[in-house]
Amino acid sequence: MYYLCSLGSNIRPLQHIPAAVVQLSKRLSPITVSAFIQTTPLGIDAEQDFVNGLMWFSSQQSEACLKRFFNQLEDRFGRNRKDPLSSSKSRTLDIDLIGAAQRVEDLQQLTVDPFLAPLKQQLFATQPELERIVKFEIVNAHGHTLPLGHRTTTVDFN
């Protein structure tokens, strides 16, 4: 099964997103990640802008299993799910499972929030000019640097 997910943060995103991509790629390798864009918070009480991106991967794990893993990862990054208002507050990490498909091509048909639509186009086909791109670097165990956020990137740490 192929999965499409969103990945975002508005608390130290330059630190949290690259670290999350490393953790995700260790379990779901390889993952293909879009560029990342800066967005205004919608429907939450937050002063800081979000940094958002999309990713897709193939996995034999169920949606429920993946959701548990994403929640555990969010918790490790400091998200407090016990707070009844946590869904309307700033986040160190927010990973949402958008949907699944039998073929990677079918992920393109899934609906995403309008602000993520250019990232979905970039991830699967055309490379539109994106505004407000946020760039990161991931350093692997050997000290090599991987640019992240410039364009669609496949990450495989295995």
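The buried residues of helix α3 (residues 117-124) are covered by elements that include the strands β1 (2-9), β2 (31-33), β3 (36-39) and β4 (50-58). Those buried residues of α3 are L119, K120, Q122, L123 and F124, where buried denotes under 20% relative accessible area, exposed over 50% and partly exposed the range in between, with a 1.4 Å probe and protein chains only. Helices (H or I, at least four residues) and strands (E, at least two) are DSSP runs numbered from the N terminus. The model is predicted, and local features need pLDDT of at least 70, side-chain atom pairs count only at pLDDT 80 or more, and totals for chains, interfaces and linings use all residues. Residues are numbered from 1 along each chain as its sequence is written, and side-chain values use heavy atoms, with hydrogens and water left out.

The protein chain contains three helices and nine strands, arranged from the N terminus on as β-α-β-β-β-α-β-α-β-β-β-β. Of its 158 residues, 47% count as buried. When contacts (heavy atoms within 4.5 Å) between residues at least 6 apart in sequence are considered, 68% join residues at least 24 apart.

Helix α1 (residues 13-28) comprises 16 residues and spans 21 Å from its first C-alpha to its last, close to the expected 22 Å at 1.5 Å a residue; the expected span is 1.5 Å times one less than the number of residues. Its buried residues are P13, H16, I17, P18, A20, V21, V22, L24, S25 and L28.

The axes of α1 and helix α2 (residues 63-76) come within 11 Å and cross at roughly 150°. Axes are lines fitted to C-alpha atoms, for helices over the stretch in contact, with angles from 0 to 180 degrees between N-to-C directions. The two helices α1 and α2 are therefore roughly antiparallel to each other, a term applied to angles over 145 degrees. On the α1 side, the contact is made by A20, Q23, L24, R27 and L28, and on the α2 side by C65, L66, F69, F70, L73 and R76. By class, this contact of α1 with α2 has eight nonpolar, one polar and two charged residues; Ala, Val, Leu, Ile, Met, Phe, Trp, Tyr, Cys and Pro count as nonpolar, Asp, Glu, Lys and Arg as charged, and the others, Gly among them, as polar.

Residue Q109 lies in the loop between β5 (94-101) and α3. Q109 counts as exposed because its relative accessibility is 65%. Q109 and G99 are separated by 10 residues in sequence and by 9.8 Å in space, C-alpha to C-alpha.

Technical notes. Parallel < 35°, antiparallel > 145°, perpendicular 65-115°, else oblique.
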